[in-house]
Amino acid sequence: NAGGVAQAASTKAESLRHPTRISDMSEWDGIVREWLIDVGHAFAGGLGTNGDAFSYWAAHGTGSVDEGWTYLLPGEDSGVYQQTIVDPNGDGEATTVVEINEAQIMKDALTTGKAPVGLWIGKQKYSLVRFDLEQEVGDGVGKWLFGSAPKQGVNIVQTPNGTVVVSKYSEDAGHTSGNNKTATMAFAEYLAGPDVGY
């Protein structure tokens, strides 16, 4: 029925303008899809909060919500695991085994702009190559990180209110770092805006 479809669209549009009215947190997964995946500049994205600890609360991938979570989370119950790093200090040492705590690495990177053992997201290591800890986001000051890996990368923007947008792209899928950053920044600015306040 056309009236029912119009009413549903109107309700959805209203909830997007006022996300605090979203009663089911899983609706945020769809909002991630709309802002990052559907525009064609990312294969996975998510939202998190950088408070006392970093944690994700929404995700979406190209194919599904579950795919998004797979690309963001390490899959370990504790979120902490051992990883062999080849020549971590660039001093000729062949390998070392380090403990990876992805949430702590993200929190530290957003605080200091540094990730000495790499920026790990979903067990994928990115080199943290650029950052701005005083990035303009909407009308306030947030943070921006850019991580690079062979033929892929990640843009991370924290709004002035502590909401974090994570957007992963792949050159093999036709994505570019610039378009991914633009989409990530637009989503963060929307979240930080007066209608949302995240």
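Predicted model: local features only at pLDDT ≥ 70, side-chain atom pairs only at ≥ 80, totals over all residues.
Residues are numbered from 1 along each chain as its sequence is written, and side-chain values use heavy atoms, with hydrogens and water left out.

The term pLDDT is the predictor's confidence in each residue, from 0 to 100. Its mean for the protein is 85, and 82% of the residues reach 70 or more. Confidence is lowest in helix 1 (residues 2-17), with a mean of 37, and highest in strand 8 (residues 152-158), with 98. Over residues 1-23 the pLDDT is below 50, and this stretch has 22 contacts in the model beyond near neighbours in sequence. A contact means heavy atoms within 4.5 Å.

The protein has five helices and nine strands. Helices (H or I, at least four residues) and strands (E, at least two) are DSSP runs, numbered from the N terminus. Along the sequence they follow the pattern α-α-β-β-α-β-β-α-β-β-β-β-β-α. Among contacts between residues at least 6 apart in sequence, 45% join residues at least 24 apart.

Seven of the strands form an open sheet in the order 2-1-9-8-7-6-5, with antiparallel pairing. Two strands pair if DSSP finds at least two bridges between them. Strand 2 (54-61) and strand 5 (119-121) are the edge strands, each pairing on one side only. From one strand to the next the twist averages 30°. Axes are lines fitted to C-alpha atoms, for helices over the stretch in contact, and angles run from 0 to 180 degrees between N-to-C directions.

Consider next the pairings around strand 8. With strand 7 (residues 140-149), strand 8 pairs in the antiparallel sense over seven bridges; here Phe146 has Asn155 of strand 8 as its bridge partner. Strand 8 and strand 9 are also antiparallel, over seven bridges. Gly153 belongs to strand 8, and its bridge partner in strand 9 is Tyr169. Gly153 counts as buried because its relative accessibility is 0%. Leaving aside neighbours within four places in sequence, Gly153 is in contact with Tyr126, Gly147, Ser148, Ser167, Lys168 and Tyr169. Of these, Lys168 lies 15 residues from Gly153 in sequence and 5.8 Å from it in space, C-alpha to C-alpha.

Strand 9 is mostly covered, with eight of its eight residues buried. In a regular strand the side chains alternate between the two faces of the sheet. Thr163, Val165, Ser167 and Tyr169 point one way from strand 9, while Val164, Val166, Lys168 and Ser170 point the other way. Strand 9 is joined to strand 1 by six bridges, and these two run antiparallel; the partner of Gly48 in strand 9 is Val164.

Helix 4 (residues 102-112) touches strand 1 (44-50), strand 2, strand 5, strand 6 (124-137), strand 7, strand 8 and strand 9 (163-170), and its direction makes about 135° with that of strand 5. Helix 5 (residues 177-192) touches strand 1, strand 6, strand 7, strand 8 and strand 9, at about 160° to the direction of strand 9. The buried residues of helix 5 are Asn180, Ala183, Thr184, Met185, Phe187, Ala188 and Leu191. They pack against helix 2 (27-37), strand 1, strand 6, strand 8 and strand 9.

Some backbone angles in the loops remain. Most residues other than glycine have a negative phi. Lys123, in the loop between strand 5 and strand 6, has a positive phi of about 65° and is partly exposed, with a relative accessible area of 37%. Lys151, in the loop between strand 7 and strand 8, has a positive phi near 65° and counts as partly exposed at 47% relative accessibility. In the hairpin of strand 8 and strand 9, which has four residues between the strands, Gly162 takes a positive phi near 95°.

Note on methods: Buried < 20%, exposed > 50% of the residue type's maximum accessible area, 1.4 Å probe, protein only.
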